[in-house]
Amino acid sequence: MKVLRLRHQFKTLRATRRAPSSSRCDGASDTPRKCPEEGTREAVFGGLVNGGSTKEEEFEHDIPEDLGPLQFVKLRKHHSLVDNAWFCDHITVQGPVAFEEAAFPCYCWVQADSVLCLPEGTACLAGNNASDVFQKHREQELKERRQIYCWATWKEGLPLTMAAGCEDDLPANMRFHEEKRLDFEWTLKAGALGMVLKRVYTLLRSWNRVEDFDHIFWGQKSILAEKVRQRWQDDELFGYQFLNGANPMLLRRCTSLPSRLVLPSGMEELQAQLEKELQNSSLFEADFILLDGIPANVIQGEKQYLAAPLVMLKMDTSGKLLPMVIQIQPPSPSSPTPPLFLPSDPPLAWLLAKSWVRNSDFQLHQLQYHLLNTHMLAEVIAVATMRCLPGLHPVFKLLIPHIRYTIEINTRARTQLISDGGVFDKAVSTGGGGHVHLLHRALAQLTYCSLCPPNNLADRGLLGTPGALYAHDALQLWEITARYVEGIIHLFYSGDDVVRGDPELQAWCREITEVGLCQAQDRGFPISFQSQNQLCHFLTMCVFTCTAQHGAINQGQLDWYAWVPNAPCTMRMPPPTTKEDVTMATVMGSLPDVRQACLQMVITWHLGRRQPDMVPLGHHREKYFSDPKAKSVLNQFQTDLENLEREITARNEQLDLPYEYLKPSHIENSITI
């Protein structure tokens, strides 16, 4: 008698053993329950019984009969007195022939008395035969998923989100695992305690000079954050941040002088300097006009303030980017020639002007480039993937590692950060509703091309710019990611006609553009895929956004926002209209108060630090692809990333300020924080 050996690995995590929420659409379970019955044979080897402890286990079962080629494995957990859920990684089946092995990926929770039906893991496209056993499974799986993963509107006119009032409403398979949840919640509590201690510490100390921010600059902080504290007033560091700081997405090379830059009489020398730099292609601008007219927050009865600055910068022969002039507010009927601030102005006036720029950069960075362009976009990709692509689809297998934890972290953001009474309302000048206005404006600028570094950097004139480390590393990662995506896609799509004829893929594309992104085709997003190249480019954008781009935008908070005067979350006085009247009292009266500054430090540390269960880009343990050729493509991806890692490490050893946000080992494989 031939023996078939079955091996499966489980782990259980105590705090995530929750029953599915009754508030989910149609009360559907989060796991597939039905298997196609037609033409199948079964061997019952016993169910899984969980005694309730937190552990990982691997089981083996020998089945004394030859079942032939296996198509599906059914998995059920027997109900016990302590009904804890188990998380199943995968099942592998060793057949009677040497080296004959079949893999059945699972990577989801087994709970209650539900039955999981796991197809053999070889990726395949939808068949045309409606009676095909796999086709029936795909259709049933998507039907159940669409009942579970429903769209919702957070704010009218903005990208759609997962329908969940809080994290407890989410499907179990989208939830944080135990280690992640405990770390997230305990770190917040520890941060809140630290904030209280810092506020108490400052009660008996002065708070009338920028140096007094030292009173709260203790506890966990990075090496770069300490350098920022020492050098934040330097013009060189101010300019450097536009290239390689927390937000490298706004700077662009000038092709003409901005129309809003009105030079009053007496500034002919500045005019000549600007035109000289323009002719040399060394003139740059950072325009925050998107903030013009956004209503400012009111915090504990005190009005906060916003501005929409314009900064003109020059790149000198050594590659340093230096500010030349700052216009804090654009021209208006009441101020047709707004004041211009120069490096030669009184030091406090110039410092305050730069602080207004840094405050404006904080707003656009957090809302436009971080929240909207990475988090919200990734959630649209995640929900559309769960609704439109079955587990056997190669694009599902490609993308699923890159949407891990994204839906829960976004749900928590909507209930804790940008909610009514959340962190933005408590400490940020765009809180209290201004953040929603800003997101609407930012969405109009969210084009498909703006998410693709080759297009974005070319449009901003930054290709080949000396010292533009984000630009260099982003292009390298884009190319590496593109090769990985192309390697996978070409295994399953032999030609453009196969792409065009894949109904699941085309439905996924429409779901993203027309539904999740609210008719984004007028901003360049596709509503169908007509070729392999078009599909590969779009998928490269998806993977890059969920990994490298978020890494570049998120990690910098830890370094550049810890010293609050360098990136104030709010401004408590209106922008100056004269230079001579700016005093230290003006500066301190404008910067965040102790409570706001402490909250900024806590949140940016919490959100910017390395996560304890961090999975580096391309190194997910889940084996969704069982095809050796697909595994080979992933191995090459990992090799390419390791080569880039060595290149960046060698470069950074020569730099005073190493740029590490796009070091592959520092990039998380999905948006988890």
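Visitor: How many salt bridges does a search of the whole structure find?
Guide: In this predicted model, the search of the whole structure finds 28 salt bridges.

Visitor: What makes the pair of arginine 414 and glutamate 379 a salt bridge?
Guide: Their side chains meet at 2.8 Å, N to O, and the cut-off is a nitrogen within 4 Å of a carboxyl oxygen, so the pair counts as a salt bridge. The pair links distant parts of the chain, with arginine 414 in helix 8 (residues 406-416) and glutamate 379 in helix 6, 35 residues apart; both arginine 414 and glutamate 379 are buried.

Visitor: Why is lysine 663 called buried, and what is glutamate 660 called?
Guide: Lysine 663 has a relative accessible area of 10%, and buried means under 20%, so the label applies. Glutamate 660, at 28% relative accessibility, counts as partly exposed, and the side chains of these two residues, glutamate 660 and lysine 663, meet in a salt bridge of 3.5 Å, N to O.

Visitor: Why is helix 6 called roughly antiparallel to helix 15?
Guide: Helix 6 (residues 347-388) and helix 15 (residues 532-554) pack at an angle of about 150 degrees, with their axes 10 Å apart. Angles over 145 degrees count as roughly antiparallel, and therefore helix 6 is described in that way relative to helix 15.

Visitor: What kinds of residues make up the contact of helix 6 with helix 15?
Guide: The residues of that contact divide into eight nonpolar, nine polar and no charged, including Tyr369 and Leu377 of helix 6 and Met541 and Gln549 of helix 15.

Note on methods:
Residues numbered from 1 in each chain as written. Predicted model: local features only at pLDDT ≥ 70, side-chain atom pairs only at ≥ 80, totals over all residues. Heavy atoms only, no water. Axes fitted to C-alpha atoms, helices over the stretch in contact; angles between N-to-C directions. Helix = DSSP H or I, 4+ residues; strand = E, 2+ residues; numbered from the N terminus. Parallel < 35°, antiparallel > 145°, perpendicular 65-115°, else oblique. Contact = heavy atoms within 4.5 Å. Nonpolar A, V, L, I, M, F, W, Y, C, P; charged D, E, K, R; others polar. Buried < 20%, exposed > 50% of the residue type's maximum accessible area, 1.4 Å probe, protein only.
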